[in-house]
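Subject: Handing over the model

Hi,

Here is the structure I promised you, ready to open in your viewer. My notes on what turned up follow below.

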Amino acid sequence: MPQQQTTAPVPDFSGLWIPLVTPFRDGAVDHAALAALTRRLAADGVAGFVVCGSTGEAAALDEAEQLASLDTVQAAAGGLPVVMGLSGYHLGKTTAWVRKLSERPLAGLLVPAPHYIRPSQAGLLEWFRAIADASTVPVLIYDIPYRTGATLSRETLLALAAHPRIQGIKDCGGDMAKTRALIADGRLQVLSGEDHQIFSTVAEGGVGAIAASGHVQTKRFVQVLRLLADNRVAEARAEWQPLQPLIEMLFAESNPGPVKALLAHVGAMRDELRSPMTRASDGLRERLVALDARLSRP
Ligand SMILES: O=C(O)C1=N[C@H](C(=O)O)C[C@H](O)C1
């Protein structure tokens with residue numbers, strides 16, 4: 001009798017993933033706007049969605065709001081995969097949340113190092129292993145030292161790559177040598193988490209990006225990644241170069257203020273954030289609107 005196959009298929013995290021903003025209306029999550037945004041992005045060719053990333057202002061959402069946002073996105077995503085972001089620094093509470101989220105049909109969990117407490121590399125190994133053990137869905141490491149205060153070393157990341165549930169990394173580490181080592185190692189799917197590094201990371205062998213800027217000019221971002229996947233580097237560069245000033249402007253003030261300002265300008269949502277995150281300044285909004293209009297001309 002043939003042996004039963006027990007190895008889970010390797011999930012595919014390639015392409016452009018959107019870490020969705022959370023639209024608000026008069027202080028509450030605007031589910032109608034979130035669903036409409038998800039449907040538009042799916043039609044524009046994105047590979048999947050991240051709910052409750054940093055761009056989603058997850059820190060300002062309670063658990064019920066996070067789960068309701070996830071439900072809205074999963075219902076509107078047209079079958080595209082959805083990853084859920086989480087964060088914390090209390091291991092017991094975080095693993096309990098991971099177990100609860102694992103009951104959902106998720107493509108993965110996006111997990112940063114615990115913020116504020118700055119554990120050792122051994123402590124970081126324990127954190128990610130405990131979370132991956134608690135999860136029944138794939139885990140993507142969210143390496144973002146400038147937000148968490150904890151730097152994951154190359155050795156730690158390579159050790160974590162041995163865990164069967166840890167399948168990828170959203171790389172905001174700011175260390176191209178580390179990025180290259182992970183790509184060369186080949187066990188983790190490397191996604192750029194820094195919008196201005198999408199081209200270089202994917203050209204060097206990364207599989208894709210999780211990029212807030214992809215909320216706007218979506219088809220162009222999708223096209224850059226498709227061309228790179230086809231090794232059409234010169235054509236990809238021609239699509240990529242006009243996007244760079246846009247990315248610069250979208251991060252000139254705290255994300256997601258600028259991207260929400262632009263989405264509000266086209267009527268996709270209200271220009272509303274939860275404190276302490278704030279709206280983009282009027283000057284930046286005007287410059288963004290003008291640049292987006294120029295990029296939208298055929
Ligand atoms: O929400 C995310 O995931 C992203 N976060 C980065 C940030 O920390 O601002 C930016 C990236 O585009 C996506």
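Helices here are DSSP runs of H or I with at least four residues, strands are DSSP runs of E with at least two, and both are numbered from the N terminus.

Two notes before you go further. This is a predicted model, where local features need pLDDT of at least 70 and side-chain atom pairs count only at pLDDT 80 or more, while totals for chains, interfaces and linings use all residues. Residues are numbered from 1 along each chain as its sequence is written.

Backbone points to check

The peptide bond from Asn255 to Pro256 is cis, with omega near 10 degrees. Another cis peptide bond links Ser275 to Pro276, with omega about 10 degrees, and Pro276 lies in the loop between helix 12 and helix 13. Tyr116 has a positive phi, near 80 degrees, although it is not a glycine. Tyr116 belongs to the loop between strand 6 (108-112) and helix 4 (121-134). For context, most residues other than glycine have a negative phi, and most peptide bonds are trans.

The ligand

The ligand is surrounded by 13 residues, and the closest are Pro19, Gly53, Thr55, Ala212 and Asn255. Nonpolar covers Ala, Val, Leu, Ile, Met, Phe, Trp, Tyr, Cys and Pro; charged covers Asp, Glu, Lys and Arg; the others, Gly among them, are polar. Asn255 also takes part in the cis bond to Pro256.

The barrel

There is a closed barrel of 8 strands, in the order 1-4-5-6-7-8-9-10, with parallel pairing. Its twist averages 25 degrees from one strand to the next. Two strands pair if DSSP finds at least two bridges between them. Strand 1 (residues 15-19) and strand 10 (residues 208-210) pair in the parallel sense over 3 bridges, with Gly15 opposite Gly208. Helix 9 (residues 218-229) lies across strand 1 and strand 10, at about 145 degrees to strand 1. Axes are lines fitted to C-alpha atoms, for helices over the stretch in contact, and angles run from 0 to 180 degrees between N-to-C directions.

Helix packing

Helix 12 (residues 257-265) and helix 13 (residues 282-296) pack at about 60 degrees, with their axes 10 Å apart. That angle makes helix 12 oblique to helix 13; angles under 35 degrees count as roughly parallel, over 145 as roughly antiparallel, 65 to 115 as roughly perpendicular and the rest as oblique. The crossing of helix 12 with helix 13 is right-handed, the term for a near helix turned clockwise from the far one by less than a right angle, with anticlockwise giving left-handed. On the helix 12 side, Pro258, Ala261, Leu262 and His265 meet Leu284, Arg285, Leu288, Val289 and Asp292 of helix 13. Residues are in contact if their C-beta atoms, placed from the backbone, lie within 7 Å. The contact of helix 12 with helix 13 has 6 nonpolar, 1 polar and 2 charged residues.

How does helix 11 (residues 243-250) pack against helix 13? The angle is about 160 degrees and the axes are 10 Å apart, which makes helix 11 roughly antiparallel to helix 13. Pro245, Leu246 and Met249 of helix 11 touch Leu284, Arg287, Leu288, Leu291 and Leu295 of helix 13. That contact divides into 7 nonpolar, no polar and 1 charged.

Happy to talk any of this through.

Best wishes

Definitions and conventions. Near = placed C-beta within 6 Å. Contact = placed C-beta atoms within 7 Å.
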